[in-house]
Amino acid sequence: MTIKNALTLAKSSLNTHKEEAVFILCEYLQKDRTWLFLNENKEFNEKPYFKLIKRFKKGVPFEYLFKKANFYGLDFKIKKGILIPRYDSEILLLKICEIYKKYKPKKILEIGFGSGILSIILAKKFNCKITACDISKRALKMAKKNAKIHQVSHLINFVLMDFKKIKGNFDFIFSNPPYIKNTYKLDKWVLSEPKKALYGGVRGYEILQDIIDFSYKKRVKFLACEFGHDQKEILKKILKKKHFKAEFFKDENNFDRVFYAINTK
Ligand SMILES: C[S@@+](CC[C@H](N)C(=O)[O-])C[C@H]1O[C@@H](n2cnc3c(N)ncnc32)[C@H](O)[C@@H]1O
């Protein structure tokens, strides 16, 4: 089949996700869009391509099809069972970097490392040591693999543990925790991601509240977290109660998505 015909067929079967037909073909052929355009009458073996389209249509996200994700311009390995890095989390990453540059905290903890993106980039940029915890065995394996690829394995101590059981003290904690309400209806591509990485509880912000409590008890100086667009007011109250002075930051769509708090006690 020619590239042009395959794309027409794939696009019509994907309806609302026509662009993905192009992304998937680029990735399958390892070519860019310009090449596809200039070679649209070229014949290729279309069977594996349509198998990928079928799996995507069933709800397998692009990143799980090709076992890789791009975040902050860097490539990371990913597979089913681990949260796919989101572009939105770059706001949290930028705030984490700002805190690091300004205060140079010595003892750093990430809660919920997933594929390892945040700790790996922070360690790569500043050559700093980090402890990072997660409750997912799959995430542990993948984060270690990603740290090796990015040559920061010697800087990050990945531990398989619920953050509430972590011993020791920290100056700086950061986290992109699960914060979606248990009842929130997700689309089929997001539904194939791990529930424990997405859902935060009945109200959604329960794990964030636990992280703030934990940070208060541990006398943490700086805390930075990503949260849901409708959770600013409640988090403001919780942070104030625990003597954290917080600043909130919006995403490109003007939604509040990240806080950065300093312990005033
Ligand atoms: C939203 S994902 C974030 C992953 C990654 N940091 C990122 O930004 O792509 C949340 C992560 O928190 C982990 N998690 C959930 N509850 C946890 C807990 N009590 N202690 C430590 N990690 C937890 C999940 O397994 C998941 O990997």
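Okay, first the ground rules. What you see is a predicted model, so local features need pLDDT of at least 70, side-chain atom pairs count only at pLDDT 80 or more, and totals for chains, interfaces and linings use all residues. Residues are numbered from 1 along each chain as its sequence is written, and side-chain values use heavy atoms, with hydrogens and water left out.

Now the big picture. The protein has twelve helices and eleven strands; those are DSSP runs, H or I over at least four residues for helices and E over at least two for strands, numbered from the N terminus. Along the principal axes, the C-alpha atoms fill a box of roughly 70 × 40 × 30 Å. Of the 265 residues, 49% are buried. Buried here means under 20% relative accessible area, exposed means over 50%, and partly exposed is in between, with a 1.4 Å probe and protein chains only. The protein exposes about 14,700 Å², and carbon and sulfur atoms supply 53% of that. Those areas are Shrake-Rupley with a 1.4 Å probe, and for residues only the protein chains shown count as cover. As for contacts, meaning heavy atoms within 4.5 Å, take the ones between residues at least 6 apart in sequence: 64% of them join residues at least 24 apart.

On to the ligand. How many residues surround it? There are 18, and the closest are Gly 112, Asp 134, Phe 163, Asn 176 and Ala 197. By class, the shell has ten nonpolar, four polar and four charged residues. For the bookkeeping, Ala, Val, Leu, Ile, Met, Phe, Trp, Tyr, Cys and Pro are nonpolar, Asp, Glu, Lys and Arg are charged, and the others, Gly among them, are polar. Helices α7 (117-126) and α10 (195-198) each supply at least two shell residues.

Then the polar contacts, which are N or O pairs within 3.5 Å; within protein, one atom must be able to donate a hydrogen and the other to accept it, and residues adjacent in sequence count only if both atoms are side-chain atoms. A polar side-chain atom of Asn 176 sits 2.9 Å from a ligand oxygen. On the backbone side, a ligand nitrogen is 3.2 Å from a polar atom of Phe 163, and a ligand nitrogen is 3.4 Å from a polar backbone atom of Phe 113. On its own the ligand has 600 Å² of accessible area, and the protein covers 94% of it.

Next, the rings. The structure holds 16 aromatic pairs. The rings are those of Phe, Tyr and Trp (its six-membered ring), and they pair if their centres lie within 6.5 Å; planes under 30 degrees apart are stacked, over 60 edge-to-face, the rest tilted. Phe 227 and Phe 259 are a stacked pair, at 6.1 Å centre to centre with 25 degrees between the planes. Phe 227 is in the loop between β9 (222-226) and α12 (232-241) and Phe 259 is in strand β11 (residues 256-263), so the pair ties together parts that are 32 residues apart in sequence. Phe 227 is buried at 0% relative accessible area, and Phe 259 is buried at 0% too.

Phe 249 and Tyr 260 have ring centres 6.2 Å apart and planes at 20 degrees, so that pair is stacked. Here strand β10 (residues 244-250) brings Phe 249 and strand β11 brings Tyr 260, eleven residues apart, and both residues are buried. Elsewhere, ring pairs link Tyr 28, Phe 44, Tyr 49 and Phe 50 into a cluster.

Last, some single residues. Asp 171 is in the loop between β5 (156-160) and β6 (172-175). Is Asp 171 buried or exposed? Buried, at 17% relative accessible area. A polar atom of the Asp 171 side chain lies 2.9 Å from the backbone nitrogen of Lys 106.

Asn 127 sits in the loop between α7 and β4 (130-134) and counts as exposed at 57% relative accessibility. His 243 also has a positive phi, near 65 degrees; His 243 is in the loop between α12 and β10 and is partly exposed at 29%.

Key: A residue is near a molecule or strand if one of its heavy atoms lies within 4 Å of it.
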